[in-house]
Amino acid sequence: MNARLTSPEVWQDQKASQALQQKKKLLEKDIRFFKGILVQKEELEVLTELAAEGESVEADTEAAAARLEKALAEAELLALFSDEDDVRNAIMTIHPGAGGTESQDWAQMLLRMYLRYAERRGFKAEILDHQPGEEAGLKSATIRLQGDFAFGNLSQETGVHRLVRISPFDAAKRRHTSFAAVFAYPEIDEDIQIDVSPDDLHIDTYRASGAGGQHVNRTDSAVRITHVPTGIVVQCQNERSQHKNKAMVMKILKARLYELEKSKRNEKMEKLEDQKSDIAWGNQIRSYVLHPYRMIKDLRTRVETGDTDRVLDGDLDEFIKAALVLRKKGGAALAAG
């Protein structure tokens, strides 16, 4: 490896050198992180010794123990990122299932949950496309989350999410069940070659809806591209210019085609297509029940909590960590219920 890093040929290759610099940056960040854990450990040991000698350091000791516990939990999470794409940014799409306003409102709730999650984790979140529902909620949304291991954290959120609640749109106050599908893709780097033939693309431009300013709403700046061979449709209306929106749509399309090919290689394509084909019963990965009791339960890991407000406000760490543990075990049998 040292010979390779010191080889002039490597640094003359711009893409190769950029990739190495990125890896170097991540490794240096990991080293600083784990050195910090050692410093916190030593600090706690000193405080423990002082406490044993009768010093009044109880508050400092508790605070140091809490910091170390948080750092160790983060280290444990980092150890679960084993896929080559985990370190990448994430592109996430959200689509409501059948059910009109109910499901569209649920999709909007999920969008808020993931945006709050991004805020908690320090990820930069950008809404690339938002198609509002007819009465409430959304018909589709695409968001980009930037940050170290953004895709790794969100990779296991792909699937159908089920909500049970008393409908705020039902005058009779009846209980309704709604479904929405979430898909997460790694944002691919420019050095990964995904060949897309112009002949395979059907490109539409249209006037953007929703927020974006008067300029956006007066011009056909929004772009929708259909990849004819796969049927994948992506769109973006976030940027002010049609050119920028088209560039972002192509980035999203390449990310989805990359994940599609990767799924085929990993023999996961059939499962992924099954999830997309029916956003309804039998395909959900997690249930969110708000009535007649309050509970959120992941159907893969059996992790559950009654603190529904906390989860819907973006605290997904417990669910994400359990799903990553399951992934690392190679899809082992679900825990006994």
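An open sheet of 8 strands runs in the order S2-S3-S1-S5-S4-S9-S10-S11, and its pairing is mixed. The model is predicted.

Reader: What makes S2 and S11 the edge strands?

Author: Strand S2 (124-132) and strand S11 (304-305) each pair on one side only. They are the two ends of the order S2-S3-S1-S5-S4-S9-S10-S11.

Reader: How do you know that S1 and S5 pair?

Author: Two strands pair if there are at least two bridges between them. Strand S1 (residues 90-96) and strand S5 (residues 175-186) are joined by 7 bridges, so they pair. The two run antiparallel. Look at two of the partners in S5: His 95 is bridged to Ala 181, and Ile 91 is bridged to Tyr 185.

Reader: What does S1 pair with besides S5, and over how many bridges?

Author: S1 also pairs with S3, in the antiparallel sense, over 5 bridges. There, Ala 90 stands opposite Leu 145.

Reader: Why is S1 called largely enclosed?

Author: Of its 7 residues, 6 are buried, so the rest of the structure largely encloses S1.

Reader: Why is Ser 287 called buried?

Author: Buried means under 20% relative accessible area. Ser 287 has 6%, so it counts as buried. This residue is found in strand S9 (residues 284-289).

Reader: What makes the link between Ser 287 and Arg 162 a polar contact?

Author: The cut-off for a pair of N or O atoms is within 3.5 Å. The side chains of Ser 287 and Arg 162 make their polar contact at 3.0 Å. Leaving aside neighbours within four places in sequence, Ser 287 is also in contact with Met 295, Ile 296, Lys 297 and Leu 299. Of these, Lys 297 is its bridge partner in S10.

Reader: How do you know that S10 pairs with both S9 and S11?

Author: Count the bridges against the cut-off of at least two. S9 and S10 have 4 bridges and are antiparallel. S10 and S11 have 2 bridges, and these strands are antiparallel as well. In S11, Thr 305 is the bridge partner of Ile 296.

Reader: Which residues of S10 lie on its covered face, and which on its uncovered face?

Author: Ile 296 and Asp 298 are on the covered face of strand S10 (residues 295-298). Met 295 and Lys 297 are on the uncovered one.

Reader: What makes a group of residues a nonpolar core?

Author: The members must be buried, be of nonpolar kinds such as Leu, Ile and Met, and be joined through side-chain atoms within 4.5 Å. The largest such core here has 38 residues. Those that touch the most other members are Met 92, Ile 94, Leu 110, Met 113, Tyr 114, Leu 145 and Tyr 288.

Reader: Which elements give two or more residues to this core?

Author: They are S1, helix H5 (101-121), strand S3 (138-146), helix H6 (150-154), S5, helix H10 (308-312) and helix H11 (317-328). H5 gives the most, with 8 residues. A second, separate core has 23 residues, including Ala 181, Tyr 185, Val 196 and Met 248.

Reader: What is Tyr 288 in contact with?

Author: Leave aside neighbours within four places in sequence. Its contacts then include Trp 106, Leu 110, Met 113, His 161 and Arg 162, and also Leu 312.

Reader: How many helices, strands and buried residues does the chain have?

Author: The chain has 11 helices and 11 strands. Buried residues make up 44% of its 337 residues.

Notes:
Residues are numbered from 1 along each chain as its sequence is written. This is a predicted model: local features need pLDDT of at least 70, side-chain atom pairs count only at pLDDT 80 or more; totals for chains, interfaces and linings use all residues. Side-chain values use heavy atoms; hydrogens and water are left out. Buried means under 20% relative accessible area, exposed over 50%, partly exposed in between (1.4 Å probe, protein chains only). A polar contact is a pair of N or O atoms within 3.5 Å; within protein, one must be able to donate a hydrogen and the other to accept it, and residues adjacent in sequence count only if both atoms are side-chain atoms. Contact means heavy atoms within 4.5 Å.
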